[in-house]
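Please read the numbered points alongside the sequence and coordinates.

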Amino acid sequence: EHSYGGRGAPTGTGYTEIFSTGRAFAALNEEGAITAWGLSDRGGSGAPTDLGYTRIFSSERSFAALAEDGTISSWGNSNFGGEGAPLGSGFTQIASSQRAFAALNSDGTIMSWGDAAYGASETPTDAGYVKVVASQRAFAAIKEDGSISSWGSEDMSAIPTDDGYVE
């Protein structure tokens, strides 16, 4: 069915990667251009039209794209991170939970957006992070000193409180 992305794939060649949400696709070409198709509310439309993107990430209903200059664009369902991507440049990584995104900046800080219950709130405000990852409803990040922070859905009782972990 068209609303699931089964029709409407881009024609031509030069695509290097393809990504998906629950009902849409986004393809990245050699020039860093993005083409999206599928259900509009799931990211099938609204993709950025400029060039220079290097990677696309997806939540259940939205996409976020990282550009060469470290800027981020997002589109799709606003409640799932389709709106609210951080402004500015210098972002180096993005992780996606089911309904939110978290982006790591080169200064070691993290910004999150999307559904608060899925990790878009209580984001650490300190710096020194070197990697961020996601589960279905939460995020975790590791610092240069090997300590770990996590945020998102409840029941995080097994989070280590010591340090010495390495990336």
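1. Apart from neighbours within four places in sequence, N77 contacts D41, R61, S62 and G82, contact being heavy atoms within 4.5 Å. The model is predicted: local features need pLDDT of at least 70 and side-chain atom pairs pLDDT 80 or more, while totals for chains, interfaces and linings use all residues. Numbering runs from 1 along each chain as its sequence is written, and side-chain values use heavy atoms, leaving out hydrogens and water.

2. N77 belongs to the loop between strand 6 (72–76) and strand 7 (91–96); helices (H or I, at least four residues) and strands (E, at least two) are DSSP runs numbered from the N terminus. Its relative accessible area is 8%, so N77 is buried (under 20%; exposed is over 50% and partly exposed in between, with a 1.4 Å probe and protein chains only).

3. The whole structure holds four aromatic pairs: rings of Phe, Tyr and Trp (its six-membered ring) with centres within 6.5 Å, stacked if the planes are under 30 degrees apart, edge-to-face if over 60, and tilted otherwise. F101 and W113 form a stacked pair, because their ring centres are 5.3 Å apart and their planes lie at 25°. F101 is in strand 8 (residues 100–105) and W113 in strand 9 (residues 110–114), so the pair ties together parts 12 residues apart in sequence.

4. Both partners are buried, F101 at 0% relative accessibility and W113 at 4%.
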